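Dear colleague,

Here is the structure I said I would pass on. My notes on what turned up in it follow below.

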Amino acid sequence: MKGEKYFKRIELKYLINSEQQRYLLEEMKRYMKEDEFGKSVVNSLYFDTPDFYLIRRSLQKPAYKEKLRIRSYGRANHETKVFIELKKKYKSVVYKRRIKLSEGEAMDYMERDIYPKEQSQILREVDYFKKLHANLSPKMLISCDREAFFAKDDSEFRITFDKNIKYRQDNLSLCDKISGNPIINDDEALMEIKVVGGMPIWMTRLLSEKRIFKTSFSKYGKAYKMSKLRKLEKDDIYNQEEYLKIAI
């Protein structure tokens with residue numbers, strides 16, 4: 001199937017402030033350039049079981065975990081090309097399978113089991129995942145403003161900066177206008193460094209100079225926890241033990 005891609009890499013995440021981002025962007029000009037999407041709005045529609053099994057298990061930090069989502073760049077319509085992505089992580093290594101379809105085809109397949117005309121190995125893997133985790137449906141839509149770059153001498157070394165990260169649990173369509181509740185502060189950005197081999201020395205130097213340290217951060221995980229906290233507050237449930245368990 002055209003548009004299929006496989007990825008195997010390590011993804012490192014850093015929550016940085018505006019000053020650190022400005023510094024990195026300026027210093028990176030010598031080594032990196034914008035990728036094909038450059039500055040874009042990334043929308044990710046996450047699928048899960050009725051009891052949110054996939055994200056609950058992921059938050060337990062097992063050695064192996066999986067996520068399934070449909071991703072669009074910008075607001076979609078039914079003809080827009082989007083990506084069905086099956087993302088697996090074993091220890092620190094990320095394995096991603098991706099199929100490119102129209103939004104209409106992708107949703108027909110995910111929600112109504114209407115198969116695309118072309119079959120493929122990745123589609124069979126997604127199909128197996130759907131059967132393994134029964135009753136998958138859209139559960140969370142997460143959007144962000146992204147700047148993406150790749151190294152001039154190594155296209156597999158990539159850096160993305162995500163700002164204005166928002167989530168919502170209603171109007172779960174990539175075709176609806178972008179809106180939601182913020183996940184990070186206005187003066188923060190989530191930086192992701194994606195490497196296949198080792199990190200370049202110049203990048204290690206920049207991180208050290210600005211004392212930027214790796215963190216654990218899942219957009220879907222953060223959104224899920226925030227939605228649970230909002231529900232407790234909305235329902236006026238003051239179970240301190242339950243509240244603290246989710247908040248950590």
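Searching the whole structure for cavities of 30 Å³ or more gives one. The model is a predicted one, in which local features need pLDDT of at least 70 and side-chain atom pairs count only at pLDDT 80 or more, while totals for chains, interfaces and linings use all residues. Residues are numbered from 1 along each chain as its sequence is written, and side-chain values use heavy atoms, with hydrogens and water left out.

Cavities and pockets were found on a 1 Å grid over the protein atoms alone: a cavity is a set of points where a 1.4 Å probe fits but cannot get out, a pocket is an open set with protein on both sides within 12 Å along at least five of seven lines, and lining residues have an atom within 4 Å of a point. Volume is the space filled by probe spheres set on the points, with grid points joined across faces, edges and corners.

The largest cavity holds about 50 Å³ of space. Its lining consists of Val-42, Ser-44, Tyr-46, Arg-71, Ile-142, Cys-144, Arg-146 and Lys-219. Strands β2 and β6 are the elements that give two or more residues to this lining (helices, H or I, of at least four residues and strands, E, of at least two are DSSP runs, numbered from the N terminus). By class, the lining has four nonpolar, one polar and three charged residues (Ala, Val, Leu, Ile, Met, Phe, Trp, Tyr, Cys and Pro count as nonpolar, Asp, Glu, Lys and Arg as charged, and the others, Gly among them, as polar).

The second largest pocket has a volume of about 500 Å³. Of the 20 residues that line this pocket, Lys-5, Phe-7, Arg-9, Arg-98 and Arg-158 lie nearest its centre. Strand β1 (5-17) gives the most to the lining, with five residues. The lining of the second largest pocket divides into twelve charged, seven nonpolar and one polar.

The charged end of Lys-96 is over the ring of Phe-7, 5.1 Å from its centre. Lys-130 lies over the face of Tyr-109, at 3.9 Å from the ring centre.

Tyr-109 is also one of the buried residues of helix α3 (residues 103-112), along with Glu-103, Gly-104, Ala-106, Met-107 and Met-110 (buried is under 20% relative accessible area, exposed over 50%, partly exposed in between, with a 1.4 Å probe and protein chains only). Just after α3, Asp-113 takes a positive phi of about 55°.

There are seven aromatic pairs in the whole structure (rings of Phe, Tyr and Trp, the last by its six-membered ring, with centres within 6.5 Å; planes under 30 degrees apart are stacked, over 60 edge-to-face, the rest tilted). Phe-52 and Tyr-224 form a tilted pair, because their ring centres are 5.3 Å apart and their planes are at 40°. Phe-52 is in the loop between β2 and α2 (53-59) and Tyr-224 in helix α6 (residues 219-234), 172 residues apart. Phe-52 is buried, at 15% relative accessible area, and Tyr-224 is buried at 10%.

The rings of Phe-149 and Phe-161 have centres 6.2 Å apart and planes at 80°, so this pair is edge-to-face. Phe-149 and Phe-161 are both buried. Ring pairs also link Tyr-31, Phe-157 and Trp-202 into a cluster.

Regards

Definitions and conventions. Lys NZ or Arg CZ within 6 Å of the ring centre and 35° of its normal.
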